[in-house]
Amino acid sequence: MRRAHIAVLAGSVIAAVAMVATSAQATEQHRDDAVTAAFAKTTRSTAWQQVQKIPLRFPTYHPQGFALVGDKIFMSTVEIIERPVPYPQPVDGYDRTPGKGVGHVLVLDRQGNLLKDVQLGQGTVYHPGGIDFDGESVWVPVAEYRPNSQAIVYRLDPQTYQVTEAFRVADHIGGLVRDRVSGKVHGVSWGSRTEYSWTPNGHQLSKQANPDHLVDYQDCDYSGWQKQICSGVTGLPRSDGGSYELSGLALLDLRDNRILHEIPFPKFSTAGHVVTRNPVALEVAGDKLRMFAAPDDGEEAAGTELLVYEAPLG
């Protein structure tokens, strides 16, 4: 009987240890990553310093999104051949012509050298948006260059550069993020006014209005655990009849789209744009939070420059 009692006690201890280990593992899995934790501590007083300004000496067109994949930077961009023209009255539900163009994903090294130019799109669907790397593929939405239109979602292999169509959406999709925990694909519409989620093969799971009315998200990247960091810009009027760009970054919970943290980013490019106008990506490097940005178009005075900012970890 005593041996049986000891065996039962030993079994209970082993079970308890296993439960503690499982609980610790679950806590570890649910813990925010370094970028999320660092960004959550930023404020509008954070001391960002520009540490690099790298001219991109090749055609860059109108950059849209960044994805960091090891020592490579994937940058989506749209080559506009013919700009859409507004209709006097809506035609078939559209407010403008489709225009003409070519979608690109340019692969760069961190010194700003072009490694590869991957073309994406089909017909009037030529405008890539914000992109994301899920650990295996770079997810790229390519849409018509007009609201309430259509989009094709692609997966791009970062090693072979092979492109696979994942699914299609009956709306303009301007940016994507893949949740590495749930596997869901999250996206935003024209001006990021509508937020979507889908299964990886395109079954729509949710659709809701964006609760953030300060900036239109231009580029979003996954930031664990089950969060995303979005950057963007909004054009607002001035009292003299002109306009200005409002810049910002936001941390959102992918499970319910709640805004968890939001800051302005009062830095400007060579062409006078706010830095978060186009592609943005964040990483932690040593004791710094680092941000990459490419706010200026290739046709502007100094062309597109890869701007790198750093701020001390809070």
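1. Surface and overall dimensions. In this predicted model, the protein chain exposes about 15100 Å², of which carbon and sulfur atoms supply 52%. Along the principal axes, the C-alpha atoms occupy a box of roughly 90 × 45 × 45 Å. Of the 314 residues in the chain, 50% are buried.

2. Secondary structure and contacts. The chain comprises two helices and 23 strands. Among contacts with a separation of 6 or more, 52% are between residues 24 or more positions apart.

3. Charge. There are 29 positive and 36 negative side chains. The centres of these two sets lie 6 Å apart.

4. The largest nonpolar core. This core contains 18 residues, and Trp48, Leu249, Leu282 and Met291 have the most contacts inside it. At least two of its residues come from each of helix H2 (34-39), S19, strand S21 (280-285), strand S22 (288-293) and strand S23 (305-312). Another core, of 17 residues, lies apart from it and includes Val105, Val107, Ile131 and Tyr154.

5. Surroundings of Trp48. Leaving aside residues up to four places away in sequence, Trp48 touches Thr42, Phe265, Lys267, Leu282, Leu289, Met291, Tyr309, Glu310 and Ala311. Two of these partners, Leu282 and Met291, are also named with Trp48 among the residues with the most contacts inside the largest core.

6. The S19–S20 hairpin. Strand S19 (residues 243-253) pairs with strand S20 (residues 259-263) in the antiparallel sense, over four bridges. Within this pairing, Ala250 has Glu262 of S20 as its bridge partner. Five residues separate the two strands of the hairpin, and Asn257 in the turn has a positive phi of about 65 degrees.

7. Burial of S15. Strand S15 (residues 194-198) is largely enclosed by the rest of the structure, because five of its five residues are buried. In a regular strand, side chains alternate between the two faces of the sheet. Here Thr194, Tyr196 and Trp198 point one way, whereas Glu195 and Ser197 point the other way, and all are buried.

Definitions and conventions
Residues numbered from 1 in each chain as written. Predicted model: local features only at pLDDT ≥ 70, side-chain atom pairs only at ≥ 80, totals over all residues. Heavy atoms only, no water. Buried < 20%, exposed > 50% of the residue type's maximum accessible area, 1.4 Å probe, protein only. Contact = heavy atoms within 4.5 Å. Areas by Shrake-Rupley, 256 points an atom, 1.4 Å probe, with all protein chains shown as cover. Lys, Arg positive; Asp, Glu negative; His and termini not counted. Charge placed at Lys NZ, Arg CZ, Asp CG, Glu CD. Pairing = 2+ DSSP bridges. Core = buried A, V, L, I, M, F, W, Y, C linked by side-chain atoms within 4.5 Å.
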